[in-house]
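Hi,

Here is the structure I said I would pass on.

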Amino acid sequence: MARFSPANLERAKELLSHYPRPKSATIPMCHLAQEQDGYLAEDAMGHIAELVGCSNAEVYGTATFYEMFKFHPVGTYVVGVCTNIACLLVGGEELLDHASDSLGIRPGATTPDGLFTLEEMECLAACTEAPCLQVNYRYENKVTHEGFDRLVADLRAGKRTDIPRHGTLGGVRQSIPADRRAGVKAI
Amino acid sequence: MTDIAAAPEAPKKTTLTVTIDGAPIEANPGELLIAAAERTGTYIPRFCWHPRMSEVGMCRMCLVEVSGPRGMSLQPACMQPVAEGMVVDTKSATVKKAQDGVLEFLLVNHPLDCPVCDKGGECPLQDQTLTFGPGESRFVEEKRHNEKPIPISDLVLLDRERCILCDRCTRFSKEVAGDPLIHFINRGNHTEVNTFPDDPFASYFSGNVVQICPVGALTASPYRFAARPWDLDQVESTCTSCAVGCRVVVQSSGDQITRLQGVDSDPVNWGWLCDKGRFDFESVSSPSRLSAPVVRAARGAAAEKVSWSVANNRIAAALRSYDPSQIGFIGGARLTNEDQYAYVRLAKQVLRTDNVDAQLGDGLTADAWLGFPRATIDDLGTAGAIVLLGPDLKEELPVLFLRLRDAATAKRVPVVEFATGPTGSTPYTAASVRYRPGEVAVAAKAVAAAAAGNPAERQIGGAESDVINAAGAVLAKAMAAGKKIVVVLGRGSMAEQSASFVEAALSLRDASSHTVVLPAMRRSNLHGALDMGMSPGLLPGRVTQSEGATWYAAHWGSTPTSVGLDTMGMLAAAAAGTLKALVLLGADPLADCPDRALAEAALSKVEFLVAVDTLPNASNAHADVILPAAGFAEKSGTTTNLEGRVTALSSKVTAVGTARPDWMIASELALILGVDFGYELVGDITADIAAVVPTHAGATPDALGRSANADGILLPVPEVALELLGVAPADGAEASDEPAVPTLAVPRPIRVRSTEGVVPVPDSYSLRLVTSRVLYDLGSIVQSSPSLAKLARPATVRLHSGEIERHAMHPGDLVRVVSQHGELTLPMEADDHLPRGVAFIAWNTSASGANMLINDA
Amino acid sequence: MPAPTKMISTRWDQADGHTLDGYLRTGGYEALRKALAMAPDAVVDEVKAANLAGRGGAGFPCGTKWGFLPKDVFPRYLVVNGDESEPGTYKDRILLERDPHQLIEGVLIASWAIKAEQAFIYIRGEMPHAHERMAAALNEAYAAGYIGKNICGTDWSMDVVLHWGAGAYIVGEETALIESLEGNRGMPRLKPPFFPASKGLYMQPTVVNNVETLANLPWIITNGAAAFTSFGNEKNTGTRLFAVSGHVKNPGVFEVEFGTTTFRELFYDFCGGIRSDRRVKAFIPGGGSAPWFFEEDLDTPLDAGVVGGKGSMLGSGAIVAMDETTDMVKAAWRIVKFFAKESCGKCSPCREGTNWMEKIYRRILDGEGRPEDVSLLLDVADNISPGLTWPPRQTTICPLGPSAAAGALVSSIRRFPAEYEHYIVHGRPVDGLSTGVYRPSLTPAS
Ligand SMILES: Cc1cc2nc3c(=O)[nH]c(=O)nc-3n(C[C@H](O)[C@H](O)[C@H](O)COP(=O)(O)O)c2cc1C
Ligand code: SF4
Ligand code: FES
């Protein structure tokens, strides 16, 4: 799909200005691209390679190392159920099992309507809130099976405006005002 | 007071003592344990470590026990610098278990399809498994599955199932070649090597990854399944695809060359080869090889196969009928030193013509080659600065480009480049001086001035003043440090006077007495050709006719007395009808002379045309006699690379048909013409050269055979040019009739015609032509190597898109390119890296090439 | 019963604790002003005196680590490790979400002390809320003059940059974190030669500190090392955050005095005991990597040295309780599977070995176990971590692979061999044990 839009190109350039070396902006830029397209498109990686000054293969090599980057379209909502030890002990597998049945897909798959992608996740750092899951990395704690079905219904009904479409990382971005900048020294 | 004698200084110990398996060894500071151990006879198994690349410590195969503060511990020998008193155990039970364990892990997902694997028989993984490896597999689960070999480039295939992720190919592509087009992707157990989607590993050096892959994961399409390693039999030789002279082993199976592998020659190629050198052996067995002598009753008549004696007698008879000044020899820069010496004797001793030129008007004068203080390839890495004043090394001398890249990146030697547009080296330059075509000498003068403290205030020769001054600063720094400035000198554009480049080099030499020159000409043995006297006015040993007269009179009996014509002169004379017989030695003037029209006129007008060659080409197609020559790997001898290093060439397969080595052809003709050189074997000539040609005194066959000379013999090229004189016997000593051995004298001045102002400043609508070589062109060798032929890009004329728009045209449109000398029709290609006002056409990429447009005037 | 000791968790229940106003109202950025009035070395000495141990897992003394920076080599960098991914660990995320300014102040104090050119706060990718809170806090702090040009009106200037991870546990390892921050694949570097203190970010001297470690600095500077060391015992000073999860009645994150509180107190006093008042069968004392403890270890104090002496570690303060009904083979598999999935792939033993072990577990769980599988598991593990001791020896570059080998796997096999036997013979867990509803189709091989 797409290279950076003019607005995102500006954001990408600000990211470059945060680091002593351009390549350090690779991962944040991949997030930006995924925010733009919902997944990490080839053209976007090409654009990032140009901006950080390395080859397409180098950006690809970095991006594919990290689980959050998807290389083809996924559901609007990526539902990640934790089954790691703390959740396992209090019903994580049961929750994944239930999610799989009620969405009618196996982990890794996307519902035909393109709304949901189900994933089995490792520890989400919410162990005291187990069993837990994330929708586009937004936490849902101590999730019961009924709670899961309600969540899915609400998402379908568009009631969960607090959860943006997949790829959106943070609602607030760091931006360093020009007059407050100490000045990053290139190295 | 009493004098106390100072205690004598104990000699400082420069090595470290390390104990390996109980035995003390001496290691060098900074040396890695794995290397020190191997050097002293203890082989530590490894997969990821490669001596020419940075260490990554990934495969963990080299784990050994090393003493440390907390006792012995397992450490990767490839990441361990030696330390004084270090104790190492490479055989303990712990080590054995760890290594067996690693091996087992590597085999867990490895298909073990050795019987059908190219690498089978020469596979480190297979060897390790047989030597140390565990028995039957304890891994009962399903192995990782991947699509079988996928092409990652036109020449290389990747089988990800066999890959053990040693990071060698990926490291090579980034660290050595600078083409990071393959990379690890995904993570953990899903890690694989791959390219970016639809972005192939298009590198001139891709074949090297096949050679360094420790398993059969990477295979070359020109080799795959061609032969099994165990029925390969091999000899060491030298690549003759260009003048770098990379050392290789040539492997054959059933009298067919199947593969070339780079040999790690420290002063030259470090084990690397370019893909052209690695794969153009395909041309040796090309169906289009010339395999039998043919003659024509008359020009245009049908060619008929004849015996060698018929052909040779026909040639001898014809040559006899002309007087020396009417005979000319063109070419020979790709032959062995022995071939060249024999031809020079045939021409200059037997036929007494001095019309001999190994270059085709596309090179530098012999003076420029031999007159400058000389640099070696190794000098690149230690120089204070490098100046690129010639062709795009990546296109013409690829492995020299790798050495340049290493100097610039690993050794941080600053590089200044003179170019009309971006080259493969541009990314590694401190300053890329972009001169207006034709004005390189002016630009160089400006840089020299800046280095001397007179910065440029304005654009000079088209180059921006700040770039000129930046370049000047680089040189000034090197000069201040008293370090060498290595000028890599060649012909940047065939559309430009060779004299301009020489003049540019002269201004740099005048700027610093530490300037040394590395001649960058592509043909593999041009250096040998000039050493052997294949240039008008020269005799073997880099002496002029007059200088060498006495000496060679004594050895040969006779030498020419007047200076002959160079190639352009011979062609002009032939076109004018004054030169009647022309012998082409593996030469294709139509493709290579910077004046196509003249070459055409000459070849059609000359009375008697002989061609000795391995493959047909446009120039030899109509010759009256065509003799088939033995080519690469079909004959042995010696060759001399661009730094003056003589190395051995070995024959590996029998020559096609009745093809013969050139030295034999020359000797035969000489014999028929009445002179017996007495050469039975090629070694006789090597010995004769060593005995007669002073510059080659050391290069005897047995000297070349010594292991101490595995990297060849670097000819003495003093920092001043050689000039040979017959020295009169010293007073008192009675005159002997033996001519004294020539001795060293003052450098010969280099004659160049100033080019300043020669180039007319064109009106705003005409463009300046730049034409230089690309690696894959229409050269007969590339074209008869199927794997490479398909890589040659169709000819275009490249222009800045602004120029294209200015003429309201579009990329792809056909345009007529017109010059004072001719015209040419080609599709346009936009290239915004080119400056406006310039048209670039790659040399010899279309049947009627860029040389249609120029002449050498 | 011991009460929680609040040192770094004071603003967790304060509605506006994450805002600059809320922070300033409760003494925020006073420590920074105080530090700026001190010489950098004096700050380092104070932290050394506080004997603040790293909270990221290795427990290395913070001040000592700072002392390893080579003299006069600049630029230097500070990198905050907020990649929190160790199974069971949940503390850094709370600190980031609920008290971001406290961390920022700690970052600034540390940067002043070590003369850092620039600081980077690396936050795990799957924590967008933490990003939002931290980004907002950084923007506030910049605007208010606490970061950037002329910090607090002094002539000291420095930038602090928020960096996003993207999902890879191994990136928590400090050299992998640095690789990732350089825009590369998060693969650890070999130590030696690549100790961050000498060859870290961009091969420059670098300090990598955990979020919780740095969050302690404002308190230490404000109240002094002496006050800090009055908490805990002589080797384990101050407080620590422990996330208690699993089969306890009321799981939670607690800040308690370091070194004195026991596991029993955590489980029974802080968390109301084990669910359905069952007995503790085993528990993880310090994160998924750590070897397990059992019922007889309940009275062990949360003292790094003591826990280490008993062959495990407090690690990242992640404590997971497992009751009598827990299927140990299943539990161990989940942990081994985690490491197999998270191996960066650099070292053959870890890349291949952890996945091999995971596949063997999967076979056992699927009822395809073979009698030799248990000894095979142990031998494969031994080839990743020779001797299967703790702290683990390694045939690898970093401890990830060895943790998979010498942690849960060995603990569970040594303690509960019968449970493995039962699976192998009967293809199902010992009667009465049940954990989860494992369906092979639900958990595709890692
Ligand atoms: C596999 C592995 C994962 C780690 N993950 C984390 C982590 O998520 N957060 C963290 O702070 N330290 C982690 N560490 C420890 C770091 O390498 C490093 O020791 C720590 O961040 C130093 O900070 P500290 O001295 O303040 O504790 C990990 C180490 C290893 C070997
Ligand atoms: S042990 Fe595993 S995670 Fe650590 S570096 Fe090696 S492969 Fe990567
Ligand atoms: S050779 Fe040393 S780890 Fe690979």
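Chain A exposes about 6,700 Å², and carbon and sulfur atoms supply 53% of that. Bear in mind throughout that this is a predicted model. Of the 187 residues in chain A, 62% count as buried. The C-alpha trace of chain A spans about 50 × 35 × 30 Å along its principal axes.

On charge, chain A carries 18 positive and 24 negative side chains, with the centres of the two sets 9 Å apart.

As for the fold, chain A has 7 helices and 4 strands. Reading from the N terminus, the order of elements is α-α-α-α-β-α-α-β-β-β-α. If you take the contacts in chain A with a separation of 6 or more, 66% of them are between residues 24 or more positions apart.

One helix of chain A I went through residue by residue is H3, residues 42–52. Its buried residues are Ala44(A), Met45(A), Gly46(A), His47(A), Ile48(A), Ala49(A) and Val52(A). What covers them? As a reminder, an α-helix has 3.6 residues a turn, so residues three or four places apart point the same way. In H3(A), the buried list includes Ala44(A), Ile48(A) and Val52(A), but it also takes in the run from Ala44(A) to Ala49(A).

Now the ligand, over in chain C. Ligand 1 has 19 residues around it, and the ones that come nearest are Gly56(C), Lys65(C), Asn209(C), Asn210(C) and Thr213(C). Which strand gives the most to the shell around ligand 1? That is S4 of chain C (residues 206–210), with 3 residues.

- An oxygen atom of ligand 1 sits 2.9 Å from an N or O atom in the side chain of Asn209(C).
- An oxygen atom of ligand 1 is 3.0 Å from a polar backbone atom of Glu174(C).
- For Glu84(C), a polar backbone atom is 3.5 Å from an oxygen atom of ligand 1.

Taken alone, ligand 1 exposes 610 Å², and the protein buries 90% of that.

Chain C also has some backbone geometry to look at. The peptide bond from Lys191(C) to Pro192(C) is cis, with omega near -15°. Pro192(C) belongs to the loop between helix H8 (174–181) and S4 of chain C. The peptide bond from Trp390(C) to Pro391(C) is cis too, with omega near -5°. You'll find Pro391(C) in the loop between helix H15 (373–384) and helix H16 (400–415) of chain C.

Asn186(B) is not a glycine, yet its phi is positive at about 65°. Asn186(B) is in the loop that links strand S8 (182–185) to strand S9 (192–195) of chain B. Buried or exposed? Asn186(B) counts as partly exposed, because its relative accessibility is 25%. Trp270(B) is not a glycine either, and has a positive phi of about 55°. Its loop runs between strand S13 (256–262) and helix H6 (275–279) of chain B. With a relative accessibility of 13%, which is under 20%, Trp270(B) counts as buried.

Asp379(B) is in helix H10 (residues 379–382) of chain B, and at 12% relative accessibility Asp379(B) counts as buried. A polar atom of the Asp379(B) side chain lies 2.8 Å from the backbone nitrogen of Thr376(B). Leaving out residues up to four places away in sequence, Asp379(B) touches Lys484(B) and Val486(B).

Arg768(B) is in strand S31 (residues 768–770) of chain B. Its relative accessibility is 7%, so Arg768(B) counts as buried. What does its side chain meet? A polar atom of the Arg768(B) side chain lies 2.6 Å from the backbone oxygen of Pro437(B).

Cheers

Terms used. Residues are numbered from 1 along each chain as its sequence is written. Chains are lettered from A and ligands numbered from 1 in the order in which they are written. This is a predicted model: local features need pLDDT of at least 70, side-chain atom pairs count only at pLDDT 80 or more; totals for chains, interfaces and linings use all residues. Side-chain values use heavy atoms; hydrogens and water are left out. Helices (H or I, at least four residues) and strands (E, at least two) are DSSP runs, numbered from the N terminus. Buried means under 20% relative accessible area, exposed over 50%, partly exposed in between (1.4 Å probe, protein chains only). Contact means heavy atoms within 4.5 Å. Accessible areas come from the Shrake-Rupley method with a 1.4 Å probe; for residues, only the protein chains shown count as cover. Lys and Arg count as positive and Asp and Glu as negative; His and the chain ends are not counted. The place of a charge is taken as NZ of Lys, CZ of Arg, CG of Asp or CD of Glu. A residue is near a molecule or strand if one of its heavy atoms lies within 4 Å of it. A polar contact is a pair of N or O atoms within 3.5 Å; within protein, one must be able to donate a hydrogen and the other to accept it, and residues adjacent in sequence count only if both atoms are side-chain atoms.
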